[in-house]
Amino acid sequence: MPLRLVAGRHRGRALAAPPDRATRPTGERVREAVFNILAHAGYGPDGDDAVTGAVVLDAFAGTGALAFEALSRGAAEAWLFDSSAAALGFARRNAETLGETARAHLLRADALKPPPARAQATLLFLDPPYRQGLIGPAIKALAIAGWLAPGCLVVAETAADEPAVPGLALLDERRYGIARIGFGRVAE
């Protein structure tokens with residue numbers, strides 16, 4: 001079954017994804033739940049939608065499913081990092097297919113050693129490989145490199161049995177099967 005965007009201007013459009021398990025895109029049901037929370041929990045500016053007009057950073061982008069879902073739902077632009085050329089190839093194909101090459105900026109980059117900031121994200125997605133303790137170090141590295149706007153909202157996906165996300169002042173946390181999604185702000 002193909003991976004599809006859930007809502008917004010690209011609703012129902014399929015995304016290219018590798019057939020193997022090297023990249024683990026966030027599933028449609030989990031993305032739908034995450035974006036419903038982002039739309040209705042009051043985490044955005046002035047307590048409104050956190051996606052509309054956001055500058056998104058998808059720091060372990062893989063296929064770009066989270067970034068493209070955000071663009072579909074009204075984000076202003078998205079920056080996609082991945083250290084894998086193969087994963088970025090799928091993200092690039094998805095940007096082209098969706099007509100989002102002007103708003104989706106792809107960089108072969110390591111979230112733990114990011115390049116100097118070219119934008120400041122108001123919404124950060126972190127979905128690294130599970131059980132490697134990468135979220136806390138990624139938040140720190142991205143902040144030091146200047147990628148995170150003050151008050152940046154972070155959405156972090158971990159395995160359900162992993163410990164709490166370090167470096168994050170947690171606002172909410174949800175479990176979906178084997179995944180746990182934390183919503184928070186960078187701890188000061």
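Burial, pairing and cores in a predicted model

User: Why is Asn94 called buried in this predicted model?

Analyst: Asn94 has a relative accessible area of 2%. Buried means under 20%, so Asn94 is buried. Asn94 is found in helix 3. Residues that Asn94 touches, leaving out those up to four places away in sequence, are Leu15, Ala16, Thr63 and Phe68.

User: What makes Leu107 buried?

Analyst: The relative accessible area of Leu107 is 13%. The limit for buried is under 20%, therefore Leu107 counts as buried. Leu107 lies in strand 5, residues 104-108. Not counting residues up to four places away in sequence, Leu107 touches Trp79, Leu80, Phe81, Asp82, Leu88, Pro115, Arg118 and Trp147. Ile178 is 71 residues from Leu107 in sequence, and the C-alpha to C-alpha distance between Leu107 and Ile178 is 29 Å.

User: How do you know that Asp58 has no salt bridge?

Analyst: The nearest side chain of opposite charge is that of Arg31, 8.9 Å away. A salt bridge needs a side-chain nitrogen of Lys or Arg within 4 Å of a carboxyl oxygen of Asp or Glu, so Asp58 has none. Asp58 lies in strand 3, residues 55-58, and touches Gly64, Leu66, Ala67, Trp79, Leu80, Phe81 and Phe125, not counting residues up to four places away in sequence.

User: Why is Asp46 called exposed?

Analyst: Asp46 has a relative accessible area of 83%. Exposed means over 50%, so Asp46 is exposed. Asp46 is found in the loop between helix 1 and strand 3. Phi of Asp46 is near 60°, a positive value in a residue other than glycine.

User: What makes Arg131 exposed?

Analyst: The relative accessible area of Arg131 is 54%. The cut-off for exposed is over 50%, therefore Arg131 is exposed. Arg131 lies in the loop between strand 6 and helix 4. Its phi is also positive, near 60°, in a residue other than glycine.

User: What makes strand 5 and strand 8 edge strands?

Analyst: The 7 strands form an open sheet in the order 5-4-3-6-7-9-8, with mixed pairing. Strand 5 and strand 8 (168-176) each pair on one side only, and these are the edge strands. From one strand to the next, the twist averages 15°.

User: How do you know that strand 4 and strand 5 pair?

Analyst: Strand 4 (residues 77-82) is joined to strand 5 by 5 bridges. Pairing needs at least two bridges, so strand 4 and strand 5 pair. The two run parallel. Ala78 has Ala104 in strand 5 as its bridge partner. Helix 3 (residues 85-98) packs on the sheet, touching strand 4 and strand 5, and its direction makes about 165° with that of strand 5. Helix 4 (residues 135-144) also packs on the sheet. Among the strands that helix 4 touches are strand 3 and strand 7, and its direction makes about 160° with that of strand 7.

User: What makes strand 8 and strand 9 a pair?

Analyst: There are 8 bridges between strand 8 and strand 9. At least two are required, so the strands pair, in the antiparallel sense. The bridge partner of Asp172 in strand 9 is Phe183. The hairpin of strand 8 and strand 9 has 2 residues between the strands, and Gly177 in this hairpin takes a positive phi near 60°.

User: Which residues have the most contacts inside the largest nonpolar core?

Analyst: They are Val34, Leu38, Phe68, Leu80, Leu123 and Phe125, in a core of 35 residues. Helix 2 gives the most to this core, with 6 residues. Val34 touches Phe125, Val155, Ile181 and Phe183, not counting residues up to four places away in sequence. Another core, of 25 residues, lies apart from the largest one and includes Ala59, Phe60, Leu124 and Leu168.

Definitions and conventions: Residues numbered from 1 in each chain as written. Predicted model: local features only at pLDDT ≥ 70, side-chain atom pairs only at ≥ 80, totals over all residues. Heavy atoms only, no water. Helix = DSSP H or I, 4+ residues; strand = E, 2+ residues; numbered from the N terminus. Buried < 20%, exposed > 50% of the residue type's maximum accessible area, 1.4 Å probe, protein only. Contact = heavy atoms within 4.5 Å. Lys, Arg positive; Asp, Glu negative; His and termini not counted. Axes fitted to C-alpha atoms, helices over the stretch in contact; angles between N-to-C directions. Core = buried A, V, L, I, M, F, W, Y, C linked by side-chain atoms within 4.5 Å.
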